[in-house]
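Subject: Handover of a structure and the findings on it

Dear colleague,

I am handing over to you the structure shown below, together with an account of what was found in it. Please read the account with the structure open beside it.

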Amino acid sequence: MRTAPPIPVLPLVRNPGRDWLGIHRVFRQRPKIALGQSWLAAPEPRFRPGFVRLGLTGMNLAVLAVLEDRDVFNPVTRFNVPAFPHGDTFEIFLKPDGQDAYWEFHITPGNTLLQLRYPEPLRTMIPQIEWESPGDPLQQLKVTRWRVASQVRTHGKGWEVFVEIPLERLFEAGAPWSGSVLRASFARYDHTRGRLRPVLSSTSNHPVPDFHRQDEWTALELAFTPR
């Protein structure tokens with residue numbers, strides 16, 4: 001198991017919906033967690049780098065992702081519609097230590113969200129999911145009653161994502177405290193128009209490109225008081 005340093009409390013960002021300079025200033029001292037392709041001996045030629053910085057804003061997990069991209073796009077605009085087969089997508093996987101249920105969040109360059117809650121590991125649920133049914137096989141997993149606070153911007157070098165996720169929604173047995181452990185992984189589908197297959201990458205040391213392998217996620221200790 002890889003263990004990251006404790007996450008210190010970060011100061012709240014004023015007007016986070018607009019203030020990208022402020023967001024970057026707050027995260028400037030946080031370590032970069034690089035996205036890579038650990039299942040390959042060397043990255044694909046079309047692999048573009050990216051990194052994630054983490055922190056806490058109050059009782060929220062705050063995630064800043066900076067992603068290089070030569071062709072930023074995703075045509076999906078409806079909430080809770082799977083967008084990763086259609087264009088660029090940033091993915092977040094979170095699981096409180098000792099809890100069966102875990103969460104998956106997708107964000108596109110257009111700030112379209114997909115929110116999923118798995119009551120148990122996906123490998124044990126696969127037989128229960130009706131993948132070939134005419135309906136939506138993920139409908140039973142979708143979270144609709146609340147949404148994470150996210151914002152996205154694109155620029156000449158790629159795109160960036162800032163997300164605040166309420167930890168009290170994730171920890172179902174009770175509110176987290178300083179010292180609580182959250183297992184986390186961050187991944188990416190980097191599509192290019194005209195190519196059928198996206199370039200996948202992850203912050204986890206996966207031996208195969210399966211983002212749901214929880215044993216390889218990073219363990220994060222939550223620190224709600226300065227250390």
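Predicted model: local features only at pLDDT ≥ 70, side-chain atom pairs only at ≥ 80, totals over all residues.

Overall composition

The chain contains twelve strands and three helices. Of its 227 residues, 52% are buried. Among contacts with a separation of 6 or more, 64% are between residues 24 or more positions apart. The accessible surface of the chain is about 11500 Å², and carbon and sulfur atoms account for 52% of that surface.

The nonpolar cores

The largest nonpolar core consists of 33 residues. Within this core, the residues with the most contacts are Phe90, Ile92, Leu94, Phe105, Leu167 and Leu170. Two or more residues each come from strand 3 (50-57), strand 4, strand 5, strand 6, strand 9 (158-166), helix 3 (167-170) and strand 10 (181-190).

Beyond its neighbours within four places in sequence, Phe105 is in contact with Phe90, Ile92, Leu94 and Leu170, among others. The contacts of Phe105 also include Glu91, Leu114, Gln115, Trp146, Val148 and Ile165.

How many of the eight residues of strand 3 are buried? Eight of the eight are, so strand 3 is largely enclosed by the rest of the structure.

Strand 3 pairs with strand 2 (residues 33-34) in the antiparallel sense, over two bridges. In this pairing, Val52 of strand 3 stands opposite Ile33. Strand 3 also runs antiparallel to strand 4, to which it is joined by eight bridges. Strands 3 and 4 form a hairpin with two residues between them, and Gly58 in the turn has a positive phi of about 65°.

Residues in the loops

Asn80 is not a glycine, yet its phi is positive, at about 65°. Asn80 is located in the loop between strand 4 (60-68) and strand 5 (89-96). Because its relative accessibility is 4%, Asn80 counts as buried. Asn111 likewise has a positive phi of about 65° without being a glycine, and lies in the loop between strand 6 (102-107) and strand 7 (113-118). With a relative accessibility of 29%, Asn111 counts as partly exposed.

Thr108 is also found in the loop between strand 6 and strand 7. Is Thr108 buried or exposed? Its relative accessibility is 1%, so Thr108 counts as buried. The side chain of Thr108 reaches the backbone nitrogen of Thr112 at 3.1 Å. Leaving out residues up to four places away in sequence, Thr108 touches Asn74, Val76, Ala83, Asp88, Val152 and Trp159.

Yours sincerely

Note on methods
Residues numbered from 1 in each chain as written. Heavy atoms only, no water. Helix = DSSP H or I, 4+ residues; strand = E, 2+ residues; numbered from the N terminus. Buried < 20%, exposed > 50% of the residue type's maximum accessible area, 1.4 Å probe, protein only. Core = buried A, V, L, I, M, F, W, Y, C linked by side-chain atoms within 4.5 Å. Contact = heavy atoms within 4.5 Å. Pairing = 2+ DSSP bridges. Areas by Shrake-Rupley, 256 points an atom, 1.4 Å probe, with all protein chains shown as cover. Polar contact = N/O pair within 3.5 Å; in protein donor to acceptor, adjacent residues only side chain to side chain.
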